[in-house]
Amino acid sequence: MSKAGRVEVVHVAADPNADAAGADLARHLSRHCAKLDVIVLPIREADAGRTLRDHLASMRASLLVMGAFAHARLLEYVVGGTTSLMLTEAKIPVFYSY
């Protein structure tokens, strides 16, 4: 990460005025990153996965590191979710933490 030109901690939130859930993570990462930003993205069209996917494309990201399966896997399978969408539609490498 120290060689990355830019690192973003992104929180996709229903409330655009929400505090960034990644603030603690950002404090930890700031010791290893020259340029770090915390971004709160409001969910567009009721779809957090597509909101994140579109943001990645607009930023020309080269890697995504994300948590996986925040909900039960069966629920993710039935109704979909950010993890499922990234598994099928990500155009960049994704490192998942489960």
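1. The accessible surface of the protein chain comes to about 6900 Å², and carbon and sulfur atoms hold 56% of that area. Accessible areas follow the Shrake-Rupley method with a 1.4 Å probe, and for residues only the protein chains shown count as cover. Please keep in mind that this is a predicted model, in which local features need pLDDT of at least 70, side-chain atom pairs count only at pLDDT 80 or more, and totals for chains, interfaces and linings use all residues. Residues are numbered from 1 along each chain as its sequence is written, and side-chain values use heavy atoms, with hydrogens and water left out.

2. On the overall fold: the protein chain has four helices and four strands, arranged along the sequence as β-α-β-α-β-α-α-β. Helices (H or I, at least four residues) and strands (E, at least two) are DSSP runs, numbered from the N terminus. Of the 98 residues in the protein chain, 21% are buried; here buried means under 20% relative accessible area, exposed over 50%, and partly exposed in between (1.4 Å probe, protein chains only). Among contacts with a separation of 6 or more, 65% are between residues 24 or more positions apart, where contact means heavy atoms within 4.5 Å.

3. Now to strands 3 and 4, which run parallel and are joined by four bridges (two strands pair if DSSP finds at least two bridges between them).

4. A surface feature worth a look is the nonpolar patch formed by Leu63, Val65 and Phe95, with about 320 Å² of accessible area together. Patches are made of residues with over 30% relative accessible area and no salt bridge, joining like charges within 9 Å and nonpolar side chains (Val, Leu, Ile, Met, Phe, Trp, Tyr) within 5 Å. A salt bridge, in turn, is a side-chain nitrogen of Lys or Arg within 4 Å of a carboxyl oxygen of Asp or Glu. Phe95 lies in strand 4 (residues 94–97) and is exposed, at 52% relative accessible area.

5. The Thr51 side chain reaches the backbone oxygen of Asp47 at 2.8 Å. Neighbours within four places in sequence aside, Thr51 is in contact with Val12, Leu41, Pro42, Ile43 and Arg44.

6. Ala46 has a positive phi of about 55° although it is not a glycine. Ala46 belongs to the loop between strand 2 (36–42) and helix 2 and counts as exposed at 79% relative accessibility. Arg60, also not a glycine, has a positive phi of about 55°. Arg60 is in the loop between helix 2 and strand 3, and at 75% relative accessibility counts as exposed.

7. Finally, the segment after strand 4 holds Tyr98, which counts as exposed at 69% relative accessibility. Tyr98 and Ala68 are 30 residues apart in sequence, yet their C-alpha atoms are 5.1 Å apart in space.

Terms used. Polar contact = N/O pair within 3.5 Å; in protein donor to acceptor, adjacent residues only side chain to side chain.
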